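The following paragraphs are meant to be read with the model in view. They proceed from the overall fold to the aromatic pairs and then to individual loop residues.

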Amino acid sequence: MTEEAKKRLELKLSRLNTAISLKEADCVPIHISGNIFAVVQAGYSMADVIYDETLETTKEAITKYLLTYDPDVAMVGDHLAGEGRGMEAIAPTFIDWPGRTGTKLDVNSLMQFLEFPILEDDDFDMFFSDRTGWKLHKSMPLLSELCKPLENLQIPLSHGGHIKPLIAAFSTPEMQEMLKKFWELDAFFKDMAKRKAALYREIAELGYPMMGGGSASVPFDDYSDQLRGTLLSLTDLYEHPDEIESFINERQPVMLQQIRNLNKDGSRNGKFVYMMLHKGLDGFMSDACYVKYYWRHLQEIIQTIVDVGMVPYVFCEGRYSTRLEHLADIPAGKVIYRFEDTPMELAKKIVGGVACITGGFDNTLLTFGTVQQVEDACKKMIDDCAPGGGFIFQAKSSLDGSCKQENVEALFRTVREYGKYR
(Lines give C-alpha, C1' and ligand atoms only; values in the text may rest on other atoms or scores of the structure.)
Protein backbone atom coordinates (compact mmCIF):
# COMPACT_ATOMS: atom_id res chain seq x y z
CA MET A 1 0.00 0.00 0.00
CA THR A 2 1.36 3.41 -0.94
CA GLU A 3 1.86 6.15 1.64
CA GLU A 4 -1.03 8.08 0.09
CA ALA A 5 -3.28 5.05 0.43
CA LYS A 6 -2.19 4.50 4.04
CA LYS A 7 -3.07 8.09 4.93
CA ARG A 8 -6.42 7.75 3.16
CA LEU A 9 -7.20 4.55 5.07
CA GLU A 10 -6.22 6.08 8.41
CA LEU A 11 -8.39 9.14 7.82
CA LYS A 12 -11.43 7.18 6.71
CA LEU A 13 -11.16 4.62 9.50
CA SER A 14 -10.93 7.47 11.98
CA ARG A 15 -14.13 9.01 10.59
CA LEU A 16 -15.99 5.73 10.79
CA ASN A 17 -14.79 4.79 14.26
CA THR A 18 -15.56 8.27 15.56
CA ALA A 19 -19.10 8.08 14.18
CA ILE A 20 -19.63 4.62 15.69
CA SER A 21 -18.51 5.94 19.07
CA LEU A 22 -21.17 8.69 18.75
CA LYS A 23 -18.72 11.55 18.38
CA GLU A 24 -17.94 14.15 15.72
CA ALA A 25 -15.02 13.61 13.35
CA ASP A 26 -13.76 16.17 10.84
CA CYS A 27 -16.83 15.56 8.68
CA VAL A 28 -19.76 13.22 8.19
CA PRO A 29 -18.53 9.91 6.75
CA ILE A 30 -20.04 8.89 3.40
CA HIS A 31 -20.96 5.27 2.76
CA ILE A 32 -22.44 5.27 -0.74
CA SER A 33 -21.49 2.09 -2.58
CA GLY A 34 -21.50 2.19 -6.36
CA ASN A 35 -23.31 -1.06 -7.18
CA ILE A 36 -25.02 -0.96 -10.60
CA PHE A 37 -24.17 2.73 -11.04
CA ALA A 38 -20.46 1.95 -10.80
CA VAL A 39 -20.78 -0.86 -13.34
CA VAL A 40 -22.69 1.31 -15.84
CA GLN A 41 -20.29 4.23 -15.37
CA ALA A 42 -17.43 1.89 -16.26
CA GLY A 43 -19.19 1.02 -19.51
CA TYR A 44 -20.48 -2.43 -18.56
CA SER A 45 -23.72 -4.13 -17.56
CA MET A 46 -24.43 -6.34 -14.55
CA ALA A 47 -24.76 -9.25 -16.95
CA ASP A 48 -21.21 -8.52 -18.15
CA VAL A 49 -19.95 -8.61 -14.57
CA ILE A 50 -21.71 -11.87 -13.73
CA TYR A 51 -20.34 -13.73 -16.75
CA ASP A 52 -16.82 -12.26 -16.73
CA GLU A 53 -14.75 -14.95 -15.02
CA THR A 54 -11.61 -12.82 -15.20
CA LEU A 55 -13.27 -10.34 -12.79
CA GLU A 56 -11.65 -7.49 -14.71
CA THR A 57 -14.99 -5.73 -15.25
CA THR A 58 -15.69 -5.91 -11.50
CA LYS A 59 -12.24 -4.60 -10.67
CA GLU A 60 -12.45 -1.74 -13.15
CA ALA A 61 -15.93 -0.69 -12.00
CA ILE A 62 -15.07 -0.67 -8.28
CA THR A 63 -11.70 1.00 -8.74
CA LYS A 64 -13.03 3.74 -10.99
CA TYR A 65 -15.91 4.48 -8.64
CA LEU A 66 -13.74 4.67 -5.53
CA LEU A 67 -11.11 6.91 -7.07
CA THR A 68 -13.73 9.17 -8.70
CA TYR A 69 -16.13 9.72 -5.79
CA ASP A 70 -13.89 8.95 -2.81
CA PRO A 71 -16.44 7.43 -0.37
CA ASP A 72 -15.32 6.51 3.14
CA VAL A 73 -16.11 2.81 2.70
CA ALA A 74 -15.27 0.33 -0.05
CA MET A 75 -18.28 -1.92 0.10
CA VAL A 76 -17.46 -4.65 -2.38
CA GLY A 77 -20.72 -6.34 -3.31
CA ASP A 78 -19.79 -8.56 -6.24
CA HIS A 79 -23.37 -9.70 -7.00
CA LEU A 80 -22.39 -13.12 -8.41
CA ALA A 81 -19.44 -11.59 -10.25
CA GLY A 82 -17.83 -14.19 -12.48
CA GLU A 83 -20.21 -16.94 -11.33
CA GLY A 84 -22.71 -16.94 -14.22
CA ARG A 85 -21.53 -20.16 -15.84
CA GLY A 86 -21.47 -22.02 -12.54
CA MET A 87 -24.87 -20.72 -11.49
CA GLU A 88 -26.37 -21.78 -14.80
CA ALA A 89 -25.13 -25.33 -14.12
CA ILE A 90 -26.70 -25.35 -10.64
CA ALA A 91 -29.97 -24.06 -12.14
CA PRO A 92 -31.33 -22.64 -8.86
CA THR A 93 -35.06 -22.10 -8.66
CA PHE A 94 -34.99 -19.52 -5.86
CA ILE A 95 -32.97 -16.75 -7.53
CA ASP A 96 -32.68 -15.11 -10.91
CA TRP A 97 -30.01 -12.81 -12.30
CA PRO A 98 -29.30 -10.63 -15.33
CA GLY A 99 -27.88 -12.50 -18.30
CA ARG A 100 -29.26 -15.87 -17.22
CA THR A 101 -30.62 -17.98 -20.04
CA GLY A 102 -34.36 -17.32 -20.26
CA THR A 103 -34.42 -14.52 -17.68
CA LYS A 104 -36.82 -11.61 -17.96
CA LEU A 105 -34.58 -9.37 -15.88
CA ASP A 106 -32.94 -6.33 -17.39
CA VAL A 107 -29.19 -6.63 -17.96
CA ASN A 108 -28.71 -4.01 -15.23
CA SER A 109 -30.88 -5.55 -12.55
CA LEU A 110 -29.62 -6.87 -9.23
CA MET A 111 -29.92 -10.55 -8.49
CA GLN A 112 -33.52 -11.28 -7.48
CA PHE A 113 -34.78 -13.80 -4.94
CA LEU A 114 -37.87 -15.79 -5.91
CA GLU A 115 -39.73 -16.71 -2.75
CA PHE A 116 -41.76 -19.88 -2.33
CA PRO A 117 -42.22 -22.28 0.60
CA ILE A 118 -39.51 -24.91 0.91
CA LEU A 119 -40.94 -26.43 4.09
CA GLU A 120 -44.58 -27.44 3.63
CA ASP A 121 -47.05 -28.17 6.43
CA ASP A 122 -46.88 -31.91 5.81
CA ASP A 123 -43.08 -31.90 6.13
CA PHE A 124 -42.76 -30.58 9.70
CA ASP A 125 -42.40 -34.05 11.26
CA MET A 126 -39.70 -35.06 8.78
CA PHE A 127 -37.93 -31.70 9.12
CA PHE A 128 -37.53 -32.04 12.88
CA SER A 129 -36.88 -35.80 12.97
CA ASP A 130 -34.86 -36.49 9.81
CA ARG A 131 -33.14 -33.30 8.69
CA THR A 132 -30.76 -35.06 6.31
CA GLY A 133 -33.57 -36.98 4.66
CA TRP A 134 -35.62 -33.80 4.33
CA LYS A 135 -32.74 -31.94 2.71
CA LEU A 136 -31.93 -34.74 0.29
CA HIS A 137 -35.45 -35.66 -0.78
CA LYS A 138 -37.33 -32.39 -0.31
CA SER A 139 -35.42 -29.11 -0.15
CA MET A 140 -32.43 -29.69 -2.43
CA PRO A 141 -34.53 -30.92 -5.40
CA LEU A 142 -36.83 -27.91 -4.90
CA LEU A 143 -33.97 -25.42 -4.79
CA SER A 144 -31.92 -26.70 -7.75
CA GLU A 145 -32.71 -28.43 -11.00
CA LEU A 146 -29.26 -30.01 -10.79
CA CYS A 147 -30.30 -31.78 -7.58
CA LYS A 148 -33.50 -33.29 -8.98
CA PRO A 149 -32.08 -36.87 -8.97
CA LEU A 150 -31.94 -36.72 -5.17
CA GLU A 151 -35.73 -36.63 -5.12
CA ASN A 152 -35.92 -40.34 -5.91
CA LEU A 153 -32.79 -41.50 -4.14
CA GLN A 154 -33.51 -44.67 -2.20
CA ILE A 155 -30.88 -46.51 -0.15
CA PRO A 156 -32.25 -49.99 0.54
CA LEU A 157 -31.68 -51.76 3.82
CA SER A 158 -28.91 -54.30 3.27
CA HIS A 159 -27.67 -57.13 5.47
CA GLY A 160 -24.43 -58.87 6.05
CA GLY A 161 -22.32 -55.79 5.36
CA HIS A 162 -23.09 -55.69 1.66
CA ILE A 163 -22.90 -52.22 0.15
CA LYS A 164 -23.94 -53.12 -3.37
CA PRO A 165 -27.40 -51.51 -2.99
CA LEU A 166 -25.73 -48.27 -1.85
CA ILE A 167 -23.35 -48.34 -4.80
CA ALA A 168 -26.23 -48.97 -7.17
CA ALA A 169 -28.28 -46.11 -5.71
CA PHE A 170 -25.49 -43.63 -6.46
CA SER A 171 -24.64 -45.13 -9.85
CA THR A 172 -27.73 -44.51 -11.92
CA PRO A 173 -27.07 -42.40 -15.05
CA GLU A 174 -28.87 -39.43 -13.45
CA MET A 175 -26.84 -39.64 -10.24
CA GLN A 176 -23.57 -40.06 -12.11
CA GLU A 177 -24.25 -36.95 -14.17
CA MET A 178 -25.21 -34.97 -11.07
CA LEU A 179 -22.11 -36.05 -9.14
CA LYS A 180 -19.87 -35.29 -12.10
CA LYS A 181 -21.25 -31.75 -12.23
CA PHE A 182 -20.84 -31.46 -8.46
CA TRP A 183 -17.11 -32.14 -8.77
CA GLU A 184 -16.73 -29.73 -11.68
CA LEU A 185 -18.65 -26.99 -9.86
CA ASP A 186 -16.71 -27.49 -6.65
CA ALA A 187 -13.48 -26.81 -8.55
CA PHE A 188 -15.09 -23.86 -10.35
CA PHE A 189 -16.31 -22.10 -7.20
CA LYS A 190 -13.11 -22.76 -5.25
CA ASP A 191 -11.10 -21.21 -8.06
CA MET A 192 -13.51 -18.25 -8.21
CA ALA A 193 -13.21 -17.76 -4.44
CA LYS A 194 -9.42 -17.49 -4.80
CA ARG A 195 -9.79 -14.96 -7.61
CA LYS A 196 -12.19 -12.87 -5.58
CA ALA A 197 -9.95 -12.95 -2.52
CA ALA A 198 -7.10 -11.68 -4.68
CA LEU A 199 -9.38 -8.97 -6.12
CA TYR A 200 -10.43 -7.81 -2.66
CA ARG A 201 -6.80 -7.64 -1.54
CA GLU A 202 -6.00 -5.52 -4.55
CA ILE A 203 -8.90 -3.16 -3.88
CA ALA A 204 -7.90 -2.91 -0.21
CA GLU A 205 -4.53 -1.56 -1.34
CA LEU A 206 -6.32 1.58 -2.55
CA GLY A 207 -6.83 2.63 1.06
CA TYR A 208 -10.59 2.39 1.50
CA PRO A 209 -11.97 0.58 4.57
CA MET A 210 -13.62 -2.74 3.82
CA MET A 211 -16.68 -3.36 5.98
CA GLY A 212 -16.61 -7.13 5.59
CA GLY A 213 -16.05 -9.26 8.65
CA GLY A 214 -18.91 -11.65 8.81
CA SER A 215 -22.66 -11.96 8.73
CA ALA A 216 -25.42 -13.00 11.08
CA SER A 217 -29.18 -13.44 10.98
CA VAL A 218 -32.14 -13.58 13.32
CA PRO A 219 -33.57 -17.12 13.55
CA PHE A 220 -37.09 -15.99 12.64
CA ASP A 221 -35.72 -14.45 9.44
CA ASP A 222 -34.05 -17.77 8.61
CA TYR A 223 -37.33 -19.55 9.28
CA SER A 224 -39.23 -17.18 6.99
CA ASP A 225 -36.63 -16.57 4.26
CA GLN A 226 -35.24 -20.07 3.92
CA LEU A 227 -38.13 -22.34 4.86
CA ARG A 228 -41.68 -21.07 5.01
CA GLY A 229 -41.86 -17.84 3.03
CA THR A 230 -43.38 -14.54 4.13
CA LEU A 231 -47.09 -15.44 4.17
CA LEU A 232 -46.77 -18.83 5.85
CA SER A 233 -44.33 -17.55 8.48
CA LEU A 234 -46.85 -14.84 9.38
CA THR A 235 -49.75 -17.29 9.84
CA ASP A 236 -47.41 -19.72 11.62
CA LEU A 237 -47.19 -17.23 14.49
CA TYR A 238 -50.71 -18.38 15.33
CA GLU A 239 -51.05 -21.78 13.65
CA HIS A 240 -47.60 -23.31 14.25
CA PRO A 241 -46.02 -21.45 17.20
CA ASP A 242 -44.48 -24.65 18.61
CA GLU A 243 -42.68 -25.33 15.34
CA ILE A 244 -41.33 -21.76 15.26
CA GLU A 245 -40.09 -22.09 18.84
CA SER A 246 -38.43 -25.42 18.07
CA PHE A 247 -36.60 -23.96 15.09
CA ILE A 248 -35.50 -20.84 16.98
CA ASN A 249 -34.28 -22.87 19.97
CA GLU A 250 -32.22 -24.97 17.57
CA ARG A 251 -30.92 -22.13 15.43
CA GLN A 252 -30.03 -19.43 17.99
CA PRO A 253 -27.19 -21.32 19.76
CA VAL A 254 -25.69 -22.22 16.39
CA MET A 255 -25.77 -18.56 15.29
CA LEU A 256 -24.19 -17.37 18.54
CA GLN A 257 -21.38 -19.91 18.20
CA GLN A 258 -20.75 -18.89 14.59
CA ILE A 259 -20.33 -15.31 15.81
CA ARG A 260 -17.94 -16.37 18.58
CA ASN A 261 -15.85 -18.18 15.97
CA LEU A 262 -15.55 -15.12 13.69
CA ASN A 263 -12.69 -13.43 15.50
CA LYS A 264 -11.34 -15.85 18.07
CA ASP A 265 -7.81 -14.47 18.19
CA GLY A 266 -8.76 -10.84 17.49
CA SER A 267 -6.70 -10.71 14.30
CA ARG A 268 -9.52 -10.36 11.77
CA ASN A 269 -9.19 -7.17 9.72
CA GLY A 270 -12.86 -6.71 8.87
CA LYS A 271 -14.72 -5.91 12.08
CA PHE A 272 -18.27 -5.42 10.82
CA VAL A 273 -20.87 -8.18 11.13
CA TYR A 274 -23.64 -7.49 8.67
CA MET A 275 -27.28 -8.33 9.38
CA MET A 276 -30.34 -7.78 7.21
CA LEU A 277 -33.59 -7.65 9.16
CA HIS A 278 -36.46 -8.81 6.97
CA LYS A 279 -39.44 -9.69 9.14
CA GLY A 280 -39.13 -7.41 12.18
CA LEU A 281 -40.52 -4.33 10.45
CA ASP A 282 -43.59 -2.39 11.53
CA GLY A 283 -46.90 -4.15 10.97
CA PHE A 284 -45.60 -7.62 10.20
CA MET A 285 -46.23 -8.91 13.70
CA SER A 286 -47.59 -7.51 16.96
CA ASP A 287 -45.23 -6.00 19.48
CA ALA A 288 -45.73 -9.00 21.76
CA CYS A 289 -44.80 -11.39 18.94
CA TYR A 290 -41.88 -9.14 17.97
CA VAL A 291 -40.42 -9.38 21.47
CA LYS A 292 -41.05 -13.12 21.76
CA TYR A 293 -39.97 -14.30 18.33
CA TYR A 294 -37.60 -11.60 17.12
CA TRP A 295 -36.21 -8.87 19.36
CA ARG A 296 -34.87 -10.96 22.23
CA HIS A 297 -32.84 -13.03 19.77
CA LEU A 298 -31.65 -9.99 17.83
CA GLN A 299 -30.61 -8.32 21.07
CA GLU A 300 -28.63 -11.39 22.14
CA ILE A 301 -26.94 -11.57 18.73
CA ILE A 302 -26.00 -7.88 18.89
CA GLN A 303 -24.53 -8.31 22.37
CA THR A 304 -22.54 -11.38 21.29
CA ILE A 305 -21.07 -9.51 18.32
CA VAL A 306 -20.02 -6.69 20.65
CA ASP A 307 -18.57 -9.19 23.14
CA VAL A 308 -16.21 -10.63 20.49
CA GLY A 309 -14.91 -7.16 19.67
CA MET A 310 -16.75 -6.65 16.40
CA VAL A 311 -19.35 -4.13 15.24
CA PRO A 312 -22.97 -5.11 14.52
CA TYR A 313 -24.05 -3.46 11.25
CA VAL A 314 -27.82 -3.93 11.30
CA PHE A 315 -29.89 -3.08 8.21
CA CYS A 316 -33.49 -2.45 9.30
CA GLU A 317 -35.33 -3.03 6.04
CA GLY A 318 -38.75 -1.41 5.67
CA ARG A 319 -40.12 0.89 8.40
CA TYR A 320 -39.00 0.43 12.00
CA SER A 321 -40.67 3.40 13.68
CA THR A 322 -42.53 1.26 16.24
CA ARG A 323 -39.46 -0.86 16.97
CA LEU A 324 -37.05 1.95 17.81
CA GLU A 325 -37.61 1.79 21.57
CA HIS A 326 -36.50 -1.84 21.50
CA LEU A 327 -33.54 -1.11 19.22
CA ALA A 328 -32.30 1.46 21.74
CA ASP A 329 -31.73 -1.23 24.39
CA ILE A 330 -28.14 -2.03 23.37
CA PRO A 331 -24.57 -1.17 24.46
CA ALA A 332 -23.94 2.49 23.64
CA GLY A 333 -21.41 3.42 20.97
CA LYS A 334 -20.98 -0.13 19.65
CA VAL A 335 -23.65 -0.59 16.97
CA ILE A 336 -24.58 0.75 13.52
CA TYR A 337 -28.24 0.80 12.50
CA ARG A 338 -29.00 1.36 8.85
CA PHE A 339 -32.58 2.40 8.12
CA GLU A 340 -34.54 2.17 4.90
CA ASP A 341 -37.96 3.82 5.34
CA THR A 342 -37.82 4.90 8.98
CA PRO A 343 -37.91 8.72 9.34
CA MET A 344 -34.30 9.55 10.12
CA GLU A 345 -35.16 12.42 12.45
CA LEU A 346 -37.16 9.95 14.56
CA ALA A 347 -34.32 7.43 14.51
CA LYS A 348 -31.91 10.15 15.64
CA LYS A 349 -34.21 11.10 18.51
CA ILE A 350 -34.79 7.60 19.85
CA VAL A 351 -31.67 5.57 19.08
CA GLY A 352 -29.18 8.30 18.15
CA GLY A 353 -27.90 8.49 21.72
CA VAL A 354 -26.83 4.84 21.78
CA ALA A 355 -26.19 3.80 18.17
CA CYS A 356 -24.65 5.24 15.05
CA ILE A 357 -27.40 5.71 12.48
CA THR A 358 -27.16 5.62 8.71
CA GLY A 359 -29.29 5.18 5.60
CA GLY A 360 -32.63 6.78 4.80
CA PHE A 361 -31.59 9.06 1.95
CA ASP A 362 -34.09 8.74 -0.89
CA ASN A 363 -31.81 7.87 -3.77
CA THR A 364 -34.64 8.00 -6.31
CA LEU A 365 -33.79 11.70 -6.28
CA LEU A 366 -30.53 10.76 -7.97
CA THR A 367 -32.52 9.46 -10.93
CA PHE A 368 -35.55 11.74 -11.09
CA GLY A 369 -34.50 14.86 -9.17
CA THR A 370 -32.50 17.95 -10.01
CA VAL A 371 -29.10 18.89 -8.64
CA GLN A 372 -30.77 21.48 -6.40
CA GLN A 373 -33.21 18.92 -5.01
CA VAL A 374 -30.36 16.53 -4.26
CA GLU A 375 -28.39 19.25 -2.50
CA ASP A 376 -31.41 20.33 -0.43
CA ALA A 377 -32.22 16.75 0.58
CA CYS A 378 -28.60 16.11 1.60
CA LYS A 379 -28.56 19.25 3.75
CA LYS A 380 -31.82 18.32 5.48
CA MET A 381 -30.53 14.84 6.22
CA ILE A 382 -27.35 16.29 7.70
CA ASP A 383 -29.31 18.85 9.74
CA ASP A 384 -31.55 16.09 11.13
CA CYS A 385 -28.91 13.48 11.86
CA ALA A 386 -25.37 14.86 12.09
CA PRO A 387 -25.39 17.13 15.19
CA GLY A 388 -23.39 15.53 17.98
CA GLY A 389 -21.97 12.83 15.73
CA GLY A 390 -23.07 9.22 15.45
CA PHE A 391 -24.11 9.52 11.81
CA ILE A 392 -22.88 8.05 8.54
CA PHE A 393 -24.44 9.37 5.33
CA GLN A 394 -25.93 6.55 3.27
CA ALA A 395 -28.80 6.00 0.84
CA LYS A 396 -31.79 3.81 1.68
CA SER A 397 -30.90 1.39 -1.12
CA SER A 398 -28.17 0.76 -3.66
CA LEU A 399 -27.45 3.08 -6.57
CA ASP A 400 -28.87 1.82 -9.83
CA GLY A 401 -27.68 2.41 -13.35
CA SER A 402 -30.21 5.16 -14.05
CA CYS A 403 -28.77 7.58 -11.49
CA LYS A 404 -27.67 10.85 -13.10
CA GLN A 405 -23.95 11.41 -12.83
CA GLU A 406 -24.39 15.10 -11.99
CA ASN A 407 -26.71 14.17 -9.12
CA VAL A 408 -24.29 11.65 -7.66
CA GLU A 409 -21.55 14.26 -7.91
CA ALA A 410 -23.83 16.77 -6.16
CA LEU A 411 -24.47 14.32 -3.34
CA PHE A 412 -20.79 13.74 -2.61
CA ARG A 413 -19.93 17.43 -2.98
CA THR A 414 -22.72 18.58 -0.66
CA VAL A 415 -22.04 16.05 2.07
CA ARG A 416 -18.32 16.79 2.01
CA GLU A 417 -18.85 20.55 2.20
CA TYR A 418 -22.02 20.90 4.26
CA GLY A 419 -21.21 17.93 6.49
CA LYS A 420 -18.05 19.41 8.00
CA TYR A 421 -17.93 19.45 11.79
CA ARG A 422 -14.90 21.67 11.97
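The model under discussion is predicted.

The overall picture comes first. The protein contains 17 helices and eight strands. Its radius of gyration is 23 Å, which agrees with the value near 22 Å that a compact globule of 422 residues would have. Along the principal axes, the C-alpha atoms occupy a box of roughly 80 × 50 × 45 Å. Of the 422 residues, 48% are buried. When contacts between residues at least 6 apart in sequence are considered, 72% of them join residues at least 24 apart.

How many aromatic pairs does the count give? With ring centres required to lie within 6.5 Å, the count comes to 18 aromatic pairs. One of them joins Tyr65 and Phe412, whose rings are 6.4 Å apart from centre to centre, with 75° between the planes, an edge-to-face arrangement. This pair links distant parts of the chain: Tyr65 belongs to helix H4 (residues 56–69) and Phe412 to helix H17 (residues 405–418), and 347 residues separate the two. Both Tyr65 and Phe412 are buried.

A further pair consists of Phe220 and Phe284. The ring centres of Phe220 and Phe284 are 6.5 Å apart and their planes meet at 70°, so this pair is edge-to-face. Here too distant parts of the chain are linked, since Phe220 is in helix H10 (residues 219–239), while Phe284 is in the loop between strand S4 (272–277) and helix H12 (287–307), 64 residues apart. Phe220 and Phe284 are both buried. They also belong to one aromatic cluster, together with Phe124, Phe127, Phe128, Trp134, Tyr223 and Phe247.

Is Ile32 buried or exposed? Its relative accessibility is 3%, and because buried means under 20%, Ile32 counts as buried. Apart from neighbours within four places in sequence, Ile32 is in contact with Tyr65 and Phe412, and also with Pro71, Phe393, Gln394, Ala395, Leu399 and Leu411. Met111, in turn, is 79 residues from Ile32 in sequence and 19 Å from it in space, C-alpha to C-alpha.

Asp70 is not a glycine, yet its phi is positive, near 55°. At 29% relative accessibility, Asp70 counts as partly exposed. Ala91 likewise has a positive phi, of about 55°, although it is not a glycine. Ala91 is found in the loop between H5 and strand S1 (95–96). With a relative accessible area of 18%, Ala91 is buried.

Ala91 is also one of the contacts of Ser144. Beyond neighbours within four places in sequence, Ser144 touches Ile90, Ala91, Pro92 and Thr93, in the sense of being in contact with them. Ser144 itself sits in the loop between helix H7 (131–143) and helix H8 (164–169). Its relative accessibility of 6% places Ser144 among the buried residues. Ala47 is 97 residues away from Ser144 in sequence, and the C-alpha atoms of the two are 21 Å apart.

The loop between H7 and H8 also holds Asn152. Is Asn152 buried or exposed? Asn152 has a relative accessible area of 62% and is therefore exposed, whereas Ser144 is buried. The C-alpha atom of Asn152 is separated by 59 Å from that of Gly389, which is 237 residues away along the chain.

Key: Residues are numbered from 1 along each chain as its sequence is written. This is a predicted model: local features need pLDDT of at least 70, side-chain atom pairs count only at pLDDT 80 or more; totals for chains, interfaces and linings use all residues. Side-chain values use heavy atoms; hydrogens and water are left out. Helices (H or I, at least four residues) and strands (E, at least two) are DSSP runs, numbered from the N terminus. The radius of gyration is taken over C-alpha atoms; the globule rule is 2.2 Å times the number of residues to the power 0.38. Buried means under 20% relative accessible area, exposed over 50%, partly exposed in between (1.4 Å probe, protein chains only). Contact means heavy atoms within 4.5 Å. Rings of Phe, Tyr and Trp (its six-membered ring) pair if their centres lie within 6.5 Å; planes under 30 degrees apart count as stacked, over 60 as edge-to-face and the rest as tilted.
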